[in-house]
Amino acid sequence: MDPVDALLEIASLLERERASRYRAKAFRQAAATFQDLPDDVRADPNRLRASRGIGESTFAVIRQAQSGAVPDYLVELRGEVEPERTSVLRAKLRGDLHAHTDWSDGTTSIAVMAAAARAQGHEYQAITDHSPRLRVARGLSAERLREQIPLVRAESGEGFTMLAGIEVDILDDGALDQDDSLLGALDIVVASVHSKLRMDARSMTKRMIAAVSHPRVNVLGHCTGRLVQGERGTRPASEFDASAVFDACAEHGVAVEINSRPERQDPPDELIAIALSAGCLFSIDSDAHAPGQLSLLDHGAERAERAGVPSARIVTTWGLERLLAWAE
């Protein structure tokens, strides 16, 4: 087995199961290091092991792959990590409007995320790094976002389009955490609440309605902010008048995100039903912070299918031309 392929598959499987970001990153780093090494170093175990970026675990994987075997660790992960789920709706998804890179709190570059999206068979992929207020996630200032936009779009080509976007914080009063003129230069704007999640229901409702009424917002991200499992623990859903918020989404053509991360399962099923009744559009998104997490769309598709969301109302089943016309 090719050592680089083995290392990258291990990284993707670790990312899909939301393992420590440092473990997955170590295998991606080892793949990049090995790829750049001269042939004589690759063939010399002592020099290979001494190479910066090759650790004990990654060295073992490389040596087993070089011997013609599928590395033991890869065999183990293939048996442990839940395989991608297939569904009729998953096959209809043509892209993803919510993903992060190492410009904010993602683990890899724009180019690596673009390559992974291509490998998923996407027609388009939006990069939506965080906005300035989310300092813990290295949110992008206006200057950094301006710098990023052309780099994102430069990864387009051969039937695949990278969309420049942002996951913009919804501030306490419902304003958006980025310059309006800059939001207007983007292809996709996902608006999410990340702070004061326990705000009283009346204030939270007002806050969210103000945000989705903004003409630049396309998607309402992980609307309750809840966590139901995972390393970060659990967190209750924010309280708000779902009917009022989703009526506002429907009125302004804002899609309600069905966040595909298993630890979120956001919105809850009962809120998906309210959004359906309100006539909302939906966007099934991965909220990927690493390349292997782009495949989590299967979880979101399964939930949407189970909830009876028609594919025609899911914007990520639309082709690029229709999607961009809606997002203008």
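1. A quick term before the tour: a crossing is called left-handed if the near helix is turned anticlockwise from the far one by less than a right angle, and right-handed if clockwise. By that convention, α13 and α14 make a right-handed crossing. Helices here are DSSP runs (H or I, at least four residues), strands are E runs of at least two, and both are numbered from the N terminus.

2. Some housekeeping: this is a predicted model, with local features needing pLDDT of at least 70 and side-chain atom pairs counting only at pLDDT 80 or more, while totals for chains, interfaces and linings use all residues. Residues are numbered from 1 along each chain as its sequence is written, and side-chain values use heavy atoms, leaving out hydrogens and water.

3. Back to that first pair. Helix α13 (residues 269-278) packs against helix α14 (residues 297-307) at an angle of about 60°, and their axes are 10 Å apart (axes are lines fitted to C-alpha atoms, for helices over the stretch in contact, and angles run from 0 to 180 degrees between N-to-C directions). The two are therefore oblique to each other (under 35 degrees is roughly parallel, over 145 roughly antiparallel, 65 to 115 roughly perpendicular, and the rest oblique). Asp269, Ile272 and Leu276 of α13 meet Arg303, Arg306 and Ala307 of α14, where contact means heavy atoms within 4.5 Å. By class that gives 3 nonpolar, no polar and 3 charged residues (Ala, Val, Leu, Ile, Met, Phe, Trp, Tyr, Cys and Pro are nonpolar, Asp, Glu, Lys and Arg charged, and the others, Gly among them, polar).

4. Have a look at the loop between β6 (255-259) and α13, where proline 267 lies. A cis peptide bond joins aspartate 266 to proline 267, with omega about 5°. Glutamine 265 sits in the loop between β6 and α13 too, and its phi is near 45°, a positive value in a residue other than glycine. For context, most residues other than glycine have a negative phi, and most peptide bonds are trans.

5. Now α2 and helix α5 (residues 56-66): the angle is about 55°, with axes 10 Å apart, so this pair is oblique. The crossing of α2 and α5 is right-handed. From α2 come Ala26, Phe27, Ala30 and Phe34, meeting Ser57, Thr58, Val61, Ile62 and Gln66 of α5. That contact has 6 nonpolar, 3 polar and no charged residues.

6. With α1 and helix α6 (residues 72-80), the angle is about 30° and the axes are 10 Å apart; this crossing is left-handed. Ala6, Glu9, Ile10, Leu13 and Leu14 in α1 meet Tyr73, Leu74, Leu77 and Arg78 in α6. The residues of this contact divide into 7 nonpolar, no polar and 2 charged.

7. The largest pocket has a volume of about 890 Å³. Of its 40 lining residues, Asp105, Arg232, Arg261, Glu263 and His289 are the closest to its centre. A pocket is an open set of points on a 1 Å grid over the protein atoms alone, where a 1.4 Å probe fits, with protein on both sides within 12 Å along at least five of seven lines; lining residues have an atom within 4 Å of a point. Points are joined across faces, edges and corners, and a volume is the space filled by probe spheres set on them. The lining has 11 nonpolar, 14 polar and 15 charged residues, with the largest share, 5 residues, from α2.

8. The second largest pocket comes in at about 560 Å³. Leu8, Ser12, Arg28, Val112 and Pro291 are the closest to its centre among 26 lining residues. Here the largest share, 7 residues, comes from α1.
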